Each structure stands twice: as structure tokens, then as C-alpha cells.
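Reader: I have just opened this one and would like a careful walk through it. Could you take me along step by step?

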Amino acid sequence: MTASAGGNMGEERSPVPPTTRGTGVDVAPCEAYLDYAAATPLDPRVLEAMLPYLTERFHNPSSPYAAARRVRADVEDARRRLALVLGARADGITLTSGATEANNLAFAATDGHVVTDAIEHQSVLRVAEGRPHTLVGVAADGRVDAHAMAAAITSQTELVSLELTNGEVGCVQPVRELARLVAAERRRRLEAGEPRQLLLHVDASQATGQLAVNVSSLEADMVTVSAAKIYGPKQVGLLWCSDRVRLRPLVLGGGQERGVRSGTENVAGIVGFARALELAEALRREEAARLRGLRQDMEAELRRELPWCVVSGPRQERLRLPGLLHLSLPGLEAQRLVVLLEREGVSVGTGSACAASKMRASHVLEALGMPPTLSQGSLRLTLGRPSTPEEVAYGTRAIVRCVRSEMVRLGLDDAAMSERAAALGAAGGRWRGGRG
């Protein structure tokens, strides 16, 4: 694809990731990548910042000589820059191998009962399963009720964990409202002389770069951020912690990261992370508005061409992730559509990449109360920094073509699809089921 004014990843637009090879089936070159929630390409400016640490500045930051000390200084400078963007102190940041490790590290800071919601990422849910916990249901649009989460707090609760935005249906969660309720419970315990701590953890990995992520305004005790979602290197992330948090190491060894996370530092990744976060924040407002416009155009066209399609997530724009559209096609199979779209040169997601790779049903859609005949035809379409109007328009037309092809194969017309949507309670083109 040629450079376009629609992207802003450097002088030349970064190439869209190619479609998967090695399947034994010839596929077209990728003409539209619509799965940025799963992976983002490395911004050329991030790569430029990383390259010296992959070549001449290769030294181990823990070594005693001058060259290594300079690398150590560069790691700490990157930590300071990360903290500056997040409105935090540098000594509150622990660098990790990504959001999954950061979430695990957050949970390891406590022993007691946990409150979280049913549509969190598996890196939260799987850890919660190993200890006393309460999963709070969500509304049909994916949003959790902050008061319901607060009501689930018991005298044994030590941790409440909530995503800032859900990465499958794109709903923005009421984190600040929940933070105030957690703070009120914390004050009550203090006045009652109850010593048990209560912490709030926020996973902001899907929100960063599209929404403001400032630890002070979030009023959380721990915040997770991932480089992989903001055009930075994969397998790099961080957990920010307030002064009241005492982290416990998951990885023992040489005592790096103040003894919390042992192992030789991924210097190139850390430096790249800092550059990626700086760029994400500098471009955030403009990029969020641009992605919102592209997503609205895509949604409007899909609704015109497939008037019975079902869109999940909140109605209000301020409660939606700008670049994400979750679309369900009653009675069709998303996996078949993925294959058909790949042949058209279009890459789309069906939900969390972790779940999709194992062909699992989406726990998010199950929690929304969505029936299988609707959820099995669900596509997650996500836009990113390299997305252009031309690419999005091509991808939208390809989706319509593939859906129409499947309808012909199954002997269905628009009237039949409308009847299916109505029977599933999806009147008005939105999922209207009850609470999960």
C-alpha cells in the first residue's frame, strides 16, 4: 500500500501485517487489516529508538563498567518518561513482559477475596479463579454497574479489578465512579479500626492511546499498560503502583526491578515502550477523533447494506472505544467469514486473540447473555494508526460481499435475517438481552 495522509506513523505508512501463510491455500495480499486490538505494527520511530540497544548498546545494565552504566541510565530515563506520560512517579513503575504478567503481579500483591467482573481478560479471570472471588455481571452493552461491584465487597475483600475498556465489545467502564466507592470503603475500614487493605487495579492496556490514562485521574492503586497495543514492541509492559501497594515477586533471581521482577532487562523493549507511549499520548486526541470517524463510517455502511446486523456495546460515543466495532450476524459462522475475508485480503478478529486461537466461545458474549446463534456470527473490527478511509471502505465492502455469499449458500434473504435478529431480541440493530 502506498503512503497516505490518513496515517501518521512516519513519512511512509507502515505496511499492513500480511495474512497468515503456510495453510496450503493461496491467499491474496492483505488489503485491509481490521484487527489492531490483537496486534499493532511497530511504529518506525519506535524502531529507530530501539535499534542502538539491539546493536552497539547491547550491554547488561547490571554490569559494573561504564558502557553498562550508561545503558542502566537509559533504562531509568525510559522509566522516568513512562511515568511522566502517566502522571506518576518513576519509582512506582515496575517493568514487565507485558500486560498478562502485570495483571498477575497486581493480584499477587494481595491474599484475600477479589471482586472483578465477568468480561475481564483471561489474565485476570484465570488468576481470580485460584482464590476466593466474586464475578459481577454486566449489562447487555458490556458495562458493569459500579455500585454492584462495590456491593460485592466483603470484609475479606482485598482487591477490586476492572478494565478501563473491554477489548472485545469496546465499552468504557465506570472506573472513576468505582474508585470513589472503593475509597469510601477504605475510609470506613480505617474509622472502624479494620486493618485489612483494599486496593483497586485497573487494566488500561486496551484503552491506552485512545483514552486518557492518568493514574491520578483514574484514582486507582495499580494500573496495567502494554507496549504491544500502542505500536510498541511485544512482550513489554508495566504495572504502576501507589505507595500503599507492596508487590511480591513472581520471578526470583538477580533482584532486578527492586527485587520485584528478576531477569536481565529488555533494554531495547523498554526504550521502545517509552517512545511508543510518548507518541500515543501526543497523538491521542487527534487519533481518537479520526478513528471514531472511520468507525462511524464503517458502521453506517454496514447498517445500510446489512440492516439486520447487530452492533454490541454502548450507544453513547463517550462510552465506546473510538476504533472498535463489534458486529454480530445472526445464524452465520464467524470462522467461515474469517476464511472468506482472508481470501479477499481482509484480516478481522472474532474477539480476544487468545480465545480465537483456541476456537473457544467468547466468555464476554456469554456474560452479555448473547445466545450462541448470535455470538457465533460475531466479528470484532478494530482500526488503528495506519488505517485509511480507502482501506476501511475496501474492508467494509468485502465484509458485505462475504456475508451476502454466505446468505446465498444458506438460502437466506434479508427478510429471513431480520426475522432471526428479531427472534434473538436484537431489535433496532443492537443486542438488547438481559444482564449477564
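Reader: To begin with, how much of the protein counts as buried?

Author: Of its 436 residues, 56% count as buried, where buried means under 20% relative accessible area, exposed means over 50% and partly exposed lies in between, with a 1.4 Å probe and protein chains only. Please keep in mind that this is a predicted model, in which local features need pLDDT of at least 70 and side-chain atom pairs count only at pLDDT 80 or more, while totals for chains, interfaces and linings use all residues. Residues are numbered from 1 along each chain as its sequence is written, and side-chain values use heavy atoms, with hydrogens and water left out.

Reader: And what about the accessible surface of the protein?

Author: The accessible surface is about 18,100 Å², and 53% of it belongs to carbon and sulfur atoms; such areas come from the Shrake-Rupley method with a 1.4 Å probe, and for residues only the protein chains shown count as cover.

Reader: In what order do the strands of the seven-stranded open sheet come?

Author: The order is 2-8-7-6-5-3-4, with mixed pairing, and two strands pair if DSSP finds at least two bridges between them. Strand 2 (93-96) and strand 4 (133-136) are the edges, each pairing on one side only. Neighbouring strands in this sheet are turned by 20° against each other on average, direction ignored.

Reader: Which helices pack on that sheet?

Author: One of them is helix 3 (residues 99-108), which touches strands 2, 3, 5, 6, 7 and 8 and whose direction makes about 165° with that of strand 7. Helix 6 (residues 175-192) also packs on the sheet, touching strand 5 and strand 6, and its direction makes about 165° with that of strand 6. These angles run from 0 to 180 degrees between N-to-C directions, and axes are lines fitted to C-alpha atoms, for helices over the stretch in contact.

Reader: How do strand 5 and strand 6 run, and how many bridges join them?

Author: Strand 5 (residues 157-163) and strand 6 (residues 199-203) run parallel and are joined by five bridges; L162, for instance, has V202 in strand 6 as its bridge partner.

Reader: L162, then: what else does M149 touch besides it?

Author: Not counting residues up to four places away in sequence, M149 touches V115, T116, D117, V136, V144, V160, S161, L162 and L178. M149 lies in helix 5 (residues 146-151) and is buried, with a relative accessible area of 0%.

Reader: Changing topic, why is strand 10 described as largely enclosed?

Author: Strand 10 is largely enclosed by the rest of the structure because five of its five residues are buried. Both of its faces are covered, with L324, H326 and S328 buried on one side and L325 and L327 on the other.

Reader: Which strands pair with strand 10?

Author: Strand 9 (residues 310-312) is joined to strand 10 by three bridges and runs antiparallel to it, with L327 as the bridge partner of V311. Strand 12 also pairs with strand 10 in the antiparallel sense, over five bridges, and there T382 is the bridge partner of L324.

Reader: What is H326 in contact with?

Author: Leaving aside neighbours within four places in sequence, H326 is in contact with E168, V169, V310, V311, S312, L365, S378 and L379. H326 is buried, with a relative accessible area of 0%.

Reader: Last topic: at what angle do helix 1 and helix 8 pack?

Author: Helix 1 (residues 44-54) and helix 8 (residues 267-305) pack at about 165°, with their axes 8 Å apart. That makes helix 1 roughly antiparallel to helix 8, because angles over 145 degrees count as roughly antiparallel, under 35 as roughly parallel, 65 to 115 as roughly perpendicular and the rest as oblique.

Reader: Which residues of helix 1 take part?

Author: R45, V46, A49, M50, Y53 and L54 in helix 1 meet residues of helix 8 including V267, A268, G272 and L283.

Notes
Helix = DSSP H or I, 4+ residues; strand = E, 2+ residues; numbered from the N terminus. Contact = heavy atoms within 4.5 Å.
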